[in-house]
Amino acid sequence: MNQTIKSTTAVALALGILCGPAWADMEAAKEFLDAEIKDMSALTRADQEAEMQWFIDAAEPFKGMAIKVVSETITTHEYESQVLAPAFEAITGIKVTHDLIGEGDVVEKLQTQMQSGENIYDAYVNDSDLIGTHWRYQQVRNLTDFMANEGADVTNPGLDLDDFIGLQFTTAPDGKLYQLPDQQFANLYWFRNDWFTDPEIMAEFKEKYGYDLGVPVNWSAYEDIAEFFTGREIDGVEVYGSMDYGKKDPSLGWRYTDAWMSMAGMGDKGEPNGLPVDEWGIRVNENSQPVGACMARGGAANSPAAVYAVEKAVEWLNKYSPPSAMGMTFSEAGPVPGQGNIAQQMFMYTTFVAPLVDSPAVMNEDGTPKWRLAPSPHGVYWEEGMKVGYQDVGSWTLMKSTPEDRAKAAWLYAQFVTSKTVDVKKSHVGLTFIRESSIQHESFTERAPKLGGLVEFYRSPDRVRWSPTGTNVPDYPKLAQLWWQNIGDAMSGAKTAQEALDSLCSDMERVMERLERAGIQGDLGPVMNEEKDAAEWLAMEGAPKPAIEMEREEPQTVAYDDLVASWQ
C-alpha cells in the first residue's frame, strides 16, 4: 500500500504538480493521464481527455480558489489526498487540502458543523450510515436537487450515476440522493486457505469434530475451528483461532452496529436492513419514525439475541485471539492477520485487503494469497431473509452551511476522484469498489486470482445483501458514541452483557426522547412507544425474539470452491 502511494507521489512530483503555480490546462491533464492512469481506466484515452477538458472548463470560475475536504485515513483516501488532489489542482487550478483523520473525528467535525453552522470543511467523505441523520435534519444538500438546479453547471455529464453500485444506500426514503459514494468495502470472513486445505490438518479436524473443515456457515462451526487452531504451532509459529479487538474506543461500537448484531440474528428480516427492527435494535413505525430501542418499547438492543451476540464476542476474544487484541482498536487490529499467525477472522473489513496483499507472511511467492474471503457465518437467532453483513459506503456529502461557490468547487473535486477516468486505477490502489465498470474491468479479471475472492464477491449477485446502517437511526453521531461506551463495559467485565445492553438501549431511548421533545426532525423524528411488559413483545412475531434454550446449533461448513461456484 505505502509503496504504491510513494511511487505515484513521485510521479506527481516529477510532473511538478505538488508545488509551484497551478497550470490548469490540458497539458497537465495529458501528463497526468500518461504518468498515472495509462490504460487503467474504463474510458478510452480520447474519452479520458474529453472528461478532463470538461473539468477544466467547468472549474474556470473557481480557478485560484483553495478548498478543504476531509475523510478517514484509509488507503483509498491516502491516494486521493497525495496523488489525485495535486493532479486536480494542476488540471483545474483549484487547490484542494484533503485532510485525513480518524473516522470518529470525521463524524465529530461533521456534528460540530451541523450544530454551529460554521463551515469547517467544504465537503466530507462520511459513511452512508448517516443517511437517516442527513434525511431527518435536512442540513446537507440533497444531491438530486443540487445537480438539477444550482449545481447543474458543475455536474459532469459523464458522471453516470447508474454505474455506481451503492446508490441505494445513499438514497433516503424520499427518493432523493444525499451522498455520492467514494469508496465501498464489505466485512467478510477471512481464513487461511492453505491451512484449511492441508490434508493432515483436515484429517485431524474431521477426526476430532466429526465434520469437514471448511468455511463455517454458522457460529458453532466458527467456534469449533477457533478452538481447533488456537495454541497450535504451524511452520514454527503459534497460531490463534480468531482475531478481533476490544479497546474501549469509538471503533468498538462500529464492530457491533456494523452488522455483528444482525449477523447474530437480533433484528428483523428485510434487505438491505431489517424492518421494523434494524441491526441497531431500533424499531420504527410505518412512517419510518423511531419508536424505541429497548424490548419494553418493541426494540431489540437488549434482547436475548443481542446478549448472545455480545457474550460470544467477549468469549471468543478472550479464548481464541492474541492477548494484545483486547487492547486494540479497529485500525490496529485490521493488519494483524497479515502477520501470519491467525487462522480465521469472522469479521474482516475488506479495506484491509490492500495491506494484506503486501504482506509476505500471508502471500505466496507467485503473488497469490494463502488466504481467502467468504461470507461471514451467522448466529443461532439468524433466519433466512435477514441482513447477512455490513458494507461501508464512504460518500461525498455537501453541507448546506457551505457557501455555494465553495460547495460547487468541492463537488467538482468529488466527481474528479470518482470519475470513470480515474476510478479503475483508484480501485487497484485501495480495493474499495464503487463502480460496476471498474469491477468488470479486464485488469481485475487478470488480478482476481491474487485477491482471494474479493473480485468474485463484488461480481456476484450476493454483494447487495451486505449493506450499511439504514434509515432507522435518527442521529448517528449522538447514538453511535453510546455503543462503544456501553459495549466497552461488557468487554472489560465491568458489567455483564445484559447489564451493558440494558444501559445502552436506555441511553439510546433518552436521546430519542430528547429529539421527540425538541421536534427538530419534524414528522420524521422519533415518536416513542409507551412502555409495556417485554414479554408482550417477545410473544409477537419477529424481533425482539425470545431466548433459544440451546444457543449452540449443529455446526455446518461448506467447501470454499463450492461457495465460489454458487456465485457464478
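Why does Asp489 count as buried?

A: In this predicted model, Asp489 counts as buried because its relative accessibility is 16%, and the cut-off for buried is under 20% relative accessible area. The partner of Asp489 is Lys495: the two form a salt bridge in which the closest N and O atoms are 3.9 Å apart. Lys495 has a relative accessible area of 29% and is therefore partly exposed, since that class lies between the buried limit of 20% and the exposed limit of 50%. Side chains of opposite charge can pair when their charged atoms come close.

This pair may be set beside other salt bridges, of which a search of the whole structure finds 34. One of them joins the side chains of Asp182 and Lys426, with 3.3 Å from N to O. That pair links distant parts of the chain, as Asp182 belongs to strand E4 (residues 180–192) and Lys426 to helix H17 (residues 420–430), 244 residues apart. Both Asp182 and Lys426 are buried. Another salt bridge is made by the side chains of Arg465 and Asp462, at 4.0 Å from N to O. Salt bridges also link Glu223, Asp224, Lys312, Glu315, Lys319 and Arg552 in a network.

Conventions
Residues numbered from 1 in each chain as written. Predicted model: local features only at pLDDT ≥ 70, side-chain atom pairs only at ≥ 80, totals over all residues. Heavy atoms only, no water. Helix = DSSP H or I, 4+ residues; strand = E, 2+ residues; numbered from the N terminus. Buried < 20%, exposed > 50% of the residue type's maximum accessible area, 1.4 Å probe, protein only.
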